[in-house]
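Subject: Structure handover

Hello,

Here is the structure I promised to pass on. Please open it first, then read the notes below it.

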Amino acid sequence: MDVTFADTDPVEYPLESGRTYYIAAADGDLTVKRKKLDGAWVAVDGSPVSDGEERLILTHSHGGKIQVTASAAGTEMVLKG
């Protein structure tokens, strides 16, 4: 999935726990969080993904979603799993 963020509001995306995902950021940074059983969002290992960086994410998130927040409007994300 390729996304250009319109603002800096967090957006949730589906995630299959235990699967490896590729994420890349351009024109801004991305903070990536997972949800704990108690409902709290915590940063995944490797977050934030800085402008121009690529990362692999392997995590578990209660409810099957991750939350991604862009540092600026116009930040681009590529997320593939």
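A contact here means heavy atoms within 4.5 Å. This is a predicted model, where local features need pLDDT of at least 70, side-chain atom pairs count only at pLDDT 80 or more, and totals for chains, interfaces and linings use all residues. Residues are numbered from 1 along each chain as its sequence is written, and side-chain values use heavy atoms, with hydrogens and water left out.

Start with Y13. Leaving aside neighbours within four places in sequence, Y13 is in contact with M1, V3, F5, G64, K65, I66, V68, M77 and L79.

Y13 also belongs to the largest nonpolar core. Such a core is a set of buried Ala, Val, Leu, Ile, Met, Phe, Trp, Tyr and Cys residues joined through side-chain atoms within 4.5 Å. Buried means under 20% relative accessible area, exposed over 50%, and partly exposed in between (1.4 Å probe, protein chains only). The core holds 17 residues. F5, Y13, I23, L30, V32, V68 and M77 touch the most other members. Two or more residues each come from β3 (20–26), β4 (30–35), β7 (65–70) and β8. Strands are DSSP runs (E, at least two residues), as are helices (H or I, at least four), numbered from the N terminus. In soluble globular proteins, nonpolar side chains tend to be buried together.

Next, the charged pairs. A salt bridge is a side-chain nitrogen of Lys or Arg within 4 Å of a carboxyl oxygen of Asp or Glu. How many does a search of the whole structure find? It finds three.

- D2 and K80 pair at 3.8 Å, N to O. They link distant parts of the chain: D2 lies in strand β1 (residues 2–4) and K80 in strand β8 (residues 76–80), 78 residues apart. D2 is exposed at 61%, while K80 is partly exposed at 43%.
- E16 and R19 pair with their closest N and O atoms 3.6 Å apart. Both are partly exposed: E16 at 46%, R19 at 36%.
- R55 and E53 pair at 2.8 Å, N to O. R55 is partly exposed at 27%, and E53 is partly exposed at 28%.

Last, S50. Where is S50 placed? It sits in the loop between β5 (41–43) and β6 (54–58). S50 is partly exposed, with 26% relative accessibility. Not counting residues up to four places away in sequence, S50 touches A25, G28 and D29. S50 and A24 are 26 residues apart in sequence, and their C-alpha atoms are 8.4 Å apart in space.

Best wishes
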